[in-house]
Amino acid sequence: MIKLFENKETLSRAAAELFATQAQTAVTAHRRFTVVLSGGETPRRTYELLAQEPYRSRIPWPQVHIFWGDERCVPADDPRNNAGVARRTCLDALPLAREQLHPIVCEGAPSLGAEKYAAHLRRFFGNDPPRFDFIFLGLGEDGHTASLLPTSKALREQVRWTAVTRRPEEAFSRVTLTAPLLNQAALVVFLVMGQNKARVVQSLFKAPSHQPLLPAQLIQPASGELYWFIDQEAASLLD
Ligand code: 6PG
């Protein structure tokens, strides 16, 4: 489902509202709310709103578990670290115990970090299928999402839940959740804003079928819902 929004603020408020309602539904249904956060600039305003009224007190924070869709293998206090950004914009202001935060730790050891995160997920979900209740994803101008980058072999991963990827121009590797894991979610919400995303949004929704799939197009929840929250600027090349 595609939802168009006038601007960043209305989109961010709608995302926070959806998060709050889904949190209440999940906790009522199975006493916890498992969330995957994305990095990047787009979700920052949404994260700020979640820590503010009216959203803050509507969310059953003691039952919320926070995971990440990807992480850059840099120190936790590095401004490029996704978990660090989420902590500073939202999580540090909330009543969350350490055990409720599940950051990907991969500084200096990407492959080991990926293996450890997959093992952590197996321990957390136990015999239950690893079905996250809510996943935020962003969209890169090249069509990537999480750190499923256009040229990475992680795009072909069909079994493992985590993978290591790398941009040639970056001095660090990344650990990302893979499409097989992301596609088990109950709800995936892409947040896309800004004129700089208009061309990739056009490619996503108007691409001829012969065009090779963009990484974001691999995200097709098997039995969950997929929402695209797009602002007018990013949707400006759609009919
Ligand atoms: C990352 C993000 C990435 C992000 C997109 C969009 O760690 O880089 O998880 O997938 O969501 O690159 O980033 P912006 O929101 O900054 O445009």
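Visitor: How much space lies in the largest pocket?

Guide: This is a predicted model, and a pocket here is an open set of grid points with protein on both sides. In this structure the largest pocket holds about 440 Å³ of space. Its lining has 27 residues, and Gly39, Gly40, Glu41, Arg72 and His144 are the closest to its centre.

Visitor: Which secondary-structure elements each supply at least two residues of that lining?

Guide: Strand 4 (70-72) and helix 3 (82-89) do. Sorted by class, the lining of the largest pocket comes out as eleven charged, ten polar and six nonpolar residues.

Visitor: Let's turn to the ligand. Which residues come nearest to it?

Guide: A residue belongs to the surroundings if one of its heavy atoms lies within 4 Å of the molecule. There are 14 residues around the ligand, and Thr42, Asp70, His144, Ala146 and Lys197 come nearest.

Visitor: Which polar side-chain atom lies 2.6 Å from an oxygen atom of the ligand?

Guide: The cut-off for a polar contact is a pair of N or O atoms within 3.5 Å. The 2.6 Å case belongs to Thr42, through a polar side-chain atom and a ligand oxygen. Arg72 also has a polar side-chain atom by a ligand oxygen, at 2.8 Å. For Asn82, an N or O atom of the side chain is 2.9 Å from an oxygen atom of the ligand. Arg72 shows up in the pocket story too, as one of the residues closest to the centre of the largest pocket.

Visitor: Back to pockets, then. What volume does the second largest pocket have?

Guide: About 280 Å³. It is lined by 13 residues, and Ala114, Glu115, Arg160, Thr162 and Ala163 lie nearest its centre.

Visitor: Where does the largest share of that lining come from?

Guide: Helix 4, with five residues. Helix 4 (110-125) and strand 7 (162-166) each supply at least two residues of the lining of this second largest pocket. By class, that lining has six nonpolar, five charged and two polar residues.

Visitor: Is Cys90 buried or exposed?

Guide: Buried means under 20% relative accessible area. Cys90 has 4% relative accessibility, so Cys90 counts as buried.

Visitor: Which cysteines does a disulfide join?

Guide: The rule asks for two cysteine sulfur atoms within 2.5 Å. Cys73 and Cys106 are joined, with 2.4 Å from S to S, and the count by this rule is one disulfide. The link is left-handed, with -105 degrees about the S-S bond. The pair ties together distant parts of the chain, 33 residues apart: Cys73 sits in the loop between strand 4 and helix 3, and Cys106 in the loop between strand 5 (101-102) and helix 4.

Visitor: Why does Cys106 count as buried?

Guide: Because its relative accessibility is 3%. Cys73 is at 9%, so Cys73 counts as buried too.

Visitor: What about Val159: buried or exposed?

Guide: The exposed class starts over 50%. Val159 has a relative accessible area of 64%, so Val159 is exposed. Val159 is found in the loop between strand 6 (134-137) and strand 7. Its C-alpha atom is separated by 23 Å from that of Val189, 30 residues apart along the chain.

Notes:
Residues are numbered from 1 along each chain as its sequence is written. This is a predicted model: local features need pLDDT of at least 70, side-chain atom pairs count only at pLDDT 80 or more; totals for chains, interfaces and linings use all residues. Side-chain values use heavy atoms; hydrogens and water are left out. On a 1 Å grid over the protein atoms alone, a cavity is a set of points where a 1.4 Å probe fits but cannot get out, and a pocket is an open set with protein on both sides within 12 Å along at least five of seven lines; lining residues have an atom within 4 Å of a point. Grid points are joined across faces, edges and corners, and a volume is the space filled by probe spheres set on the points. Helices (H or I, at least four residues) and strands (E, at least two) are DSSP runs, numbered from the N terminus. Ala, Val, Leu, Ile, Met, Phe, Trp, Tyr, Cys and Pro count as nonpolar, Asp, Glu, Lys and Arg as charged, and the others, Gly among them, as polar. Buried means under 20% relative accessible area, exposed over 50%, partly exposed in between (1.4 Å probe, protein chains only). A polar contact is a pair of N or O atoms within 3.5 Å; within protein, one must be able to donate a hydrogen and the other to accept it, and residues adjacent in sequence count only if both atoms are side-chain atoms.
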